[in-house]
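I opened the model to look up helix packing and aromatic pairs. My entries follow.

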Amino acid sequence: EKLDAFREDYNRKLEDTGDIKYYEEGFPIITEYLNMYPCNYILIERGRFSMTAKMLDVAMKDFQKVLERDPADQFALNNVGCIHKYAGRYEEAAVCYMQAKEYMYREGKEEPNLYPVGNLAHTYELMGEYALAAETYKQLIDDFDETSLMTIKDLSANYARSGQLEKAFEVIETYWNGGQVEKKQYLYYRALLYAGKWKEARNHIKKYGEIITDRVDTDYRACRMSDYRHMWAWFHLMNGRCEDGLHALNEAIANSKKMTELKSVTDLMSNKLFFLTICKQVRDNGNANVEENKKPEAVTTSIAESEQAKKKQSLFKKLANVWKKSEEKEAVIDYEKPADTYEEEMLRYVNSLDGLLNRICEEQLKKGQPRDAIQTEFFFYKDRYVKYLEFLIALYGKGAEAGQKALEEMEGSFRCRLCNHSSCMRLTIAKALLAEAEGRKEEAYDLYKQLADEQPYNMYAQAKLTYEKN
């Protein structure tokens, strides 16, 4: 009971808020329990608590103590594997997970546990071994009857990335039984993107839009409409219609006010800056769109052309007043007055993104502490991602010199814990964006080409290469 209370009062709150005070307050308590009951179970519990707080060296010492006593402890091996994985030592991590899988069935201590299996599959992803990752994720279904949305997403994505698109679709069709039918269309769309078949994703974008148009919950509908516009934004961009993509992305941002997952909002805002770099590039080359003489499909044509649909479109426009000024007059996005130039619009969005991070870190700033969005509930395990946002703010708000410094900080940060790519795409993109800003176009092109070769499905790299070729 004491351990259950500890997990709820300290471990869970630390994980949910990113506030390190829960670790500082909780560590002496779990240590006291360990002194009272010096067993492997509580030692692993303390190690996991340190790992939750990203105190990896401290955690490793506890897990190693357990393994000195019992070299076949599957839980200690699994957690040591996690520490290796977070540190980028993927081969060492994979060995630990394999050992944990083997020892979970040892005689006298048989205790099946799905976590080493899922962690091994994730490690294969980080190693770029997508077929192995799919095979291992499939074990979660076959051996543990694990058919959560996360498992379906992971399994279908890795089938798609390893050239097994039919199996990806079969997984979605067989195991997705959720009530939100639009998610099924999103899973198909996502699998097609991972297979590099973004043109074929069009029909699933349309179906997604048709489904969410009929949703009664206006807040939910607005959030999903944001997702819908975001899909169209990328579709237009990848088809050489950057202005249409930018327009769709503006609509996605306008519908994001009701989103509670702030990373979705920062994704939209950072993507807006990325889109603007392409639009600026096309303008400088003398074309509004790469695909000339081809009339782009309007974003709204996939929604049924009925009076009801038109009324709903009117409602969506009313939801476009987002990020209103607070009493502190924080930075906002004004959608009614577009900037005269891409450069002005980029600066405006940089200020908006900067203002959003200030709001997220309001308590830190009130205490006179430096802003650190990583130490918040929204981004605690997304270190590299936060550094990417700070890089964009520095590069496009202060210039190349500030961007270079921010890039160096980004390179020294931990990769995001749930990243499922063989390398950090945002780090490569940041290097390429800095090279572009400094006029090193060939170097930027080579970086995008390198990313596309490694991750053929990466739309950031493919979009940049598409416009470079034209």
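By about how much of helix α2 are Y23 and F27 separated? They sit four residues apart in α2, so about one helical turn separates them. Helices here are DSSP runs of H or I, at least four residues, numbered from the N terminus.

I noted that the model is predicted, with pLDDT of at least 70 needed for local features and 80 or more for side-chain atom pairs, while totals for chains, interfaces and linings use all residues. Numbering starts from 1 along each chain as its sequence is written, and side-chain values use heavy atoms, without hydrogens or water.

Next I checked the rings. I found 17 aromatic pairs in the whole structure (Phe, Tyr and Trp rings, the last by its six-membered ring, with centres within 6.5 Å; planes under 30 degrees apart are stacked, over 60 edge-to-face, the rest tilted). The Y23 and F27 centres lie 5.5 Å apart with planes at 55°, so I logged the pair as tilted. Y23 is buried at 9% relative accessibility, and F27 is partly exposed at 23% (buried is under 20% relative accessible area, exposed over 50%, partly exposed in between, with a 1.4 Å probe and protein chains only).

Then I looked at Y228 and W232. This pair is edge-to-face, 6.5 Å centre to centre with 80° between the planes. Both residues lie in helix α13 (residues 218–238), about one turn apart. I found both Y228 and W232 buried.

Last, I traced a cluster: ring pairs link F6, Y10, Y23, F27 and F49.

Notes. Helix = DSSP H or I, 4+ residues; strand = E, 2+ residues; numbered from the N terminus.
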